[in-house]
Every structure is written in C-alpha cells, then in structure tokens.
Amino acid sequence: MQEFTTTTPFAKIKPSTIVNTNDNKEEEEINKSTIIDPEIPIKRIKTQQDTFNFRQSKAFLILDNFIKELNESIKSKPLPNLSEHESKASPILLFILKLLDELEQFLGEFPPVAEKGGFTSRFGNLAYRDWFDKLCSESDRMMDQLLDKALEFSKCNVNTSSSNNVKNNENALQEVLDNFKHQEEKSSSTSSLLDVPKEPSSPTSPTYCFYEKKERWHVKELSAYWKDAFGNRTRIDYGTGHEATFCAWMCCLARLNIVTRKDSYYLVGLVFKRYLDLMRKIQLQYKLEPAGSHGVWGLDDYQFLPFIWGSSQLINNPEEITPNDIHNEKIIQSYSDKYMYLSCIQFINKVKKGPFGEHSPILNDISGVPKWFKVNTGLIKMYYDEVLFKYVVIQHFLFGALLPYEPVEQKYSGINTTVSGHSTTDPTVTTFRK
C-alpha cells in the first residue's frame, strides 16, 4: 500500500530561485531598500494573461484539490466541539488554535483610537496598523514554534513507520497529475475529483505527521502567507483574497506533511472556524473596509469559503434544514454553532440592517435553491469565477516553492478548466438553477 504522503499534491518541493517583483507602487518603494530574498513567496500576476496562466499552474491544481478535499471532509458533518474532540484532533492543530488565540490577545494591546500621530482615517481604525505590526513582528517566531511542534510529533510517528515512507516529492506531484488525468478520462458521473489514495491507518498512533526536517525557508514561506492572511495594513481592509491566503497557508502545511487527510475535518471545523471568528472580531474592532467588495451584488463583504464548506456541512443534515431556512430566525439561533453557513447568516444579520433581500440579494436568491448539494456545487463554481479567477483579487496572491506559479505539463493543461467548473462535461458542476 502506498503512503498518503507520496501521492498527495501537498508534498513539499525545494524552493527555486525567483525574481521579486511588485504590482503595488507602495510595496516597490519599500523594497527598493530591501534585499530580495528568493525564499519568500512573491506576487506573479500582473496582467489578465497572467490570470489565465494561473489556471494552468501547479499552484492552482494543488489549491483546487485542497479546497475540494476540505469540502468533502466536512460534508454532512456538524462543527466539532473542541471540548469533545480535543483528544481526537492533532496536537499540531491545537497548537495552531493557540497561535490564533495569541493574535486575539494582541487586540487588547491595541484598542481603537480616534486619531494617531495627528492623523485620522476616514475608513478603518488606525490602531489596526499597530496590531498588524505586532502580527508581523511575531510571525516568524510563531511559524518557527509551529514547525518545532510538528517535528516533535513527527518523530513519534517515524518510529512506527518504515524509513521509505516519503518518496521524491516531485514524483508525488506527478502521481497526483496522473490521478487527475485518470479522473478526467472517466465517463461515470459518480467519479470524484477527490479520489486521492488515503494515508495508512496506524494502530499505534492517533496522529499523523510526516514532517522530516525543519529548514529556514519553511519558516519564511509559511510566515509570508500568515502575514498576508489577516488584511492589508496600508488600506486597512480585508476580503476574500486574504481569506484565500489563509487557505493557501493551510495548504502549505499539507505540502510540508505537517497535516494530512486525517486532519482535514478538524482543519475546517476547528482551525478555519477559529480564524473566521478572529477575523470577525478584527473587522468589528477596527472597522476594516471590504477589499474589492461588490456591495450588495457580492456574496458577502468579507468571506466566501465558509459558505462553501458550510453548505457542504448541511448536505443531508439530520435537522432537515433547507436553504430557505436562512430566513428562519429560530433555526439560525438554534444551529449557528453547528453549521458555518448559518453562522455566516447570523453575523450578516448582526452587522447589516434592513430586509435581507435588499442587503444580501445573492444569498437571498440562493435560498431559493431546493438542495444543499446544488448550493454547494454552485458556490464552488462561483468561487473560481469571483475570487480565484478574478484579476483584482488574485493579483495579490503569493507564489513560492510550495505553491509554484510554473505551469503543469502540457498533457495536463486541460485538467484545470475541467476541475474549475468551466466544462459542461464535468458532472460535479451545477449552477443555482432550480
């Protein structure tokens, strides 16, 4: 039986030498006096053509598979209760929760201010920049501690596995590409794009971590995504691009074998949910502006992924909650702690006034879809169109050794458009048609 770590698209690869460029004049000025570090992820998307190239990149193939893997892991399951699941979740994930708790504690150190240095801000509170500076100053230390924790729990697993568990990592990515090619050629509508071989079960260890050796570039790469996942210091805003960066950060953990498929459910239900709760507190405390918001014609001002994974939770839910039940206040109050989708609706109702159909017309329209499965698959397609393939959003995305911008081989060039929901032959793609 093959090990999971040899076939997952998230296995690590060595960093390559890359040239740093910036699409933001502000950042260019900062970097004029800064030595370029080839081990730090950078922005690569400068034009619309680059956005198209991204669809054919290894980074998109990896991220696409990761998002759908997490979507499948949380399907038809309520959010885990930390007190009940603490013994089941990986101690590495529990450590990540502590890091997010630490970021929340920083909020107390930097309360909102009316002005700062004689300056006021029309949008957003200037104290956010102090909080952000604290985040950046502690980021490397946090990632370093996280890698130490991963190494600690990796050692106990290495003892119970053979020495050849992890093969060459480039071969690992190749195997996944072959797997996608195989899926593309299947004609059955029941085939899954998530059919990646699972990791072996072990009767001796409840935790799987195959992190082998800590290297300095691991800290730098993880830190870059971590710092970019909580908003923009200059604009004092936050949006789906930053949320996508946090997803990329989690994906990088998988690429380094720090988390595996066994952790997927808790990665969504504990780690991402905790991130979501933290970002809501940051948004409220510092009045962050929505980054690139479509106003009422967007799904939400700040988030997107919790609607995808949250709708997956509600597929065949035992309470028989329907998409239209988002208008039922009693349902929202009773089950928002169990389902992310309902939690998002509850937060929207808290921060927005007026009829729901007026301030959230897209969500209102989606509530008319009869089945959660259709909602889920439609949201995935919408996510690619409105976030991953939208130039104004994805231009800020970072690419490095773990999520490389380089294209996949030509024989796989058609895979991306298929799995992204832009092929009518893809059986997993549906729209919001009733």
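Leaving out neighbours within four places in sequence, Tyr-335 is in contact with Glu-319, Ile-321 and Leu-342, where contact means heavy atoms within 4.5 Å. This is a predicted model, in which local features need pLDDT of at least 70, side-chain atom pairs count only at pLDDT 80 or more, and totals for chains, interfaces and linings use all residues. Residues are numbered from 1 along each chain as its sequence is written, and side-chain values use heavy atoms, with hydrogens and water left out.

Tyr-335 belongs to helix H12, residues 329-335. Helices (H or I, at least four residues) and strands (E, at least two) are DSSP runs, numbered from the N terminus. With a relative accessible area of 24%, Tyr-335 is partly exposed; buried means under 20% relative accessible area, exposed over 50%, and partly exposed in between (1.4 Å probe, protein chains only).

The protein as a whole has 18 helices and four strands. Of its 434 residues, 54% count as buried. Among contacts between residues at least 6 apart in sequence, 81% join residues at least 24 apart.

In soluble globular proteins, nonpolar side chains tend to be buried together. A nonpolar core is a set of buried Ala, Val, Leu, Ile, Met, Phe, Trp, Tyr and Cys residues joined through side-chain atoms within 4.5 Å. The largest one here has 117 residues, and Trp-309 and Tyr-341 are among those with the most contacts inside it. Helix H10, residues 264-286, gives the most to this core, with twelve residues. Not counting residues up to four places away in sequence, Tyr-341 touches residues including Pro-306, Phe-307, Ile-326 and Trp-372.

The axes of helix H3 (residues 58-73) and helix H11 (residues 305-313) come within 8 Å and cross at roughly 40°. Axes are lines fitted to C-alpha atoms, for helices over the stretch in contact, and angles run from 0 to 180 degrees between N-to-C directions. H3 is therefore oblique to H11: angles under 35 degrees count as roughly parallel, over 145 as roughly antiparallel, 65 to 115 as roughly perpendicular and the rest as oblique. Ile-67, Leu-70 and Asn-71 of H3 meet Leu-305, Ile-308, Trp-309 and Ser-312 of H11.

Ser-90 lies between helix H4 (82-85) and helix H5 (91-109) and is buried, at 3% relative accessibility. A polar atom of its side chain lies 3.1 Å from the backbone nitrogen of Ile-92. Ser-360, in the loop between helix H14 (356-359) and helix H15 (361-366), is buried at 2% relative accessibility.

Most residues other than glycine have a negative phi. Asn-257, in the loop between helix H9 (240-255) and H10, has a positive phi of about 65°. Glu-320, in the loop between H11 and H12, also has a positive value, near 60°. Asn-257 counts as buried because its relative accessibility is 2%, whereas Glu-320 is exposed, with a relative accessible area of 65%.

Conventions: Polar contact = N/O pair within 3.5 Å; in protein donor to acceptor, adjacent residues only side chain to side chain.
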